[in-house]
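Please read it alongside the sequence and the structure shown here.

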Amino acid sequence: MRKFMKSSVLLVVSLLLVMQAAVFTASAESFPCVGIVVADDVNVRTGPSTDYDIIGCVWYGVTLDVYAREGNWFKIGTGNGSAYISADYVSVRPEDVANRGSYSAGDRVVAMAKRYLGTPYVYGGSSPSGFDCSGFTSYVYSQLGYSINRTADAQLANGVPVSRNELRPGDLVMFKRPGSSTVHHVGIYAGDGMMIHSPQTGDVVKYTNINTGYYNDVYYVARRIVR
């Protein structure tokens, strides 16, 4: 009997300690504040549970205005009012928010592009069932909330020019054959001289070095969409 009572007391004390820790953690949060998303493809909902409709998603490194906590959900601001996101995927620690630059907008573009490695080339394709070159670049950017033109030559008008020796991950790299008046190919620069692109019929979305061979010879310009 004494052993049972001792175990019960220990259990109650443990539960109290857990509850106190939870209260302390919650009270350490001060709203409004800034949060940073710490996972990819996190759903944003109309209310504080998975029973509510999904109205969008956010990606690793995105910063959010956080106004309140409701259970395990944060109430956040959006361009159309308020919404909710699971607190499991958002850090409101000031040091995490301060370090958000370590995962740039360009890195997020590359991370999105990598999701479609191996997708077949389809002429005129602009969906995960198949991409042509500019269908791929426009689709990747659209998934991160950026609207760019559909064709490779028209994408010249998007973003700002960037020199070849200043390329950063996420930049659009464009190619033009000698004597041609239009851009015939476009890819997403991934760093270290590599791009991710959808090259041609019979091929798939893949990495290619832009500093050797054919693509080195027909390199034209680059455009920076995100900064």
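S91 counts as buried, because its relative accessibility is 9% and the cut-off for that class is under 20%. The model in which this residue is described is a predicted one. S91 belongs to strand β7, which covers residues 90-91, and the side chain of S91 reaches the backbone nitrogen of R93 at 3.2 Å. When neighbours within four places in sequence are left aside, the residues in contact with S91 are V34, G35, I36 and V38, together with D96 and V97.

**The chain as a whole**

The protein chain contains five helices and 15 strands, and of its 227 residues 40% are buried. Among the contacts in the protein chain that have a separation of 6 or more, 52% are made by residues 24 or more positions apart.

**Aromatic rings**

A pair of aromatic rings is described by two quantities, the distance of the centres and the angle of the planes. The structure holds nine aromatic pairs, and two of them are set out in the table below.

| Pair | Centre to centre | Angle between planes | Arrangement |
|---|---|---|---|
| Y116 and F131 | 5.7 Å | 75 degrees | edge-to-face |
| F131 and F136 | 5.4 Å | 70 degrees | edge-to-face |

Why is the pair of Y116 and F131 edge-to-face? The planes of the two rings stand at 75 degrees, and an angle over 60 degrees places a pair in that class. Y116 lies in the loop between α3 (105-114) and β8 (126-127), whereas F131 lies in strand β9 (residues 130-131), so this pair ties together parts that are 15 residues apart in sequence. Both Y116 and F131 are buried.

F131 also pairs with F136, with the ring centres 5.4 Å apart and 70 degrees between the planes, and both F131 and F136 are likewise buried. Which residues do ring pairs link into a cluster? The cluster consists of Y116, F131, F136 and Y139.

A further arrangement involving a ring is that of R164, which lies over the face of Y219 at 4.1 Å from the ring centre.

Technical notes
Residues are numbered from 1 along each chain as its sequence is written. This is a predicted model: local features need pLDDT of at least 70, side-chain atom pairs count only at pLDDT 80 or more; totals for chains, interfaces and linings use all residues. Side-chain values use heavy atoms; hydrogens and water are left out. Helices (H or I, at least four residues) and strands (E, at least two) are DSSP runs, numbered from the N terminus. Buried means under 20% relative accessible area, exposed over 50%, partly exposed in between (1.4 Å probe, protein chains only). A polar contact is a pair of N or O atoms within 3.5 Å; within protein, one must be able to donate a hydrogen and the other to accept it, and residues adjacent in sequence count only if both atoms are side-chain atoms. Contact means heavy atoms within 4.5 Å. Rings of Phe, Tyr and Trp (its six-membered ring) pair if their centres lie within 6.5 Å; planes under 30 degrees apart count as stacked, over 60 as edge-to-face and the rest as tilted. A charge sits over a ring if NZ of Lys or CZ of Arg is within 6 Å of the ring centre and within 35 degrees of the ring normal.
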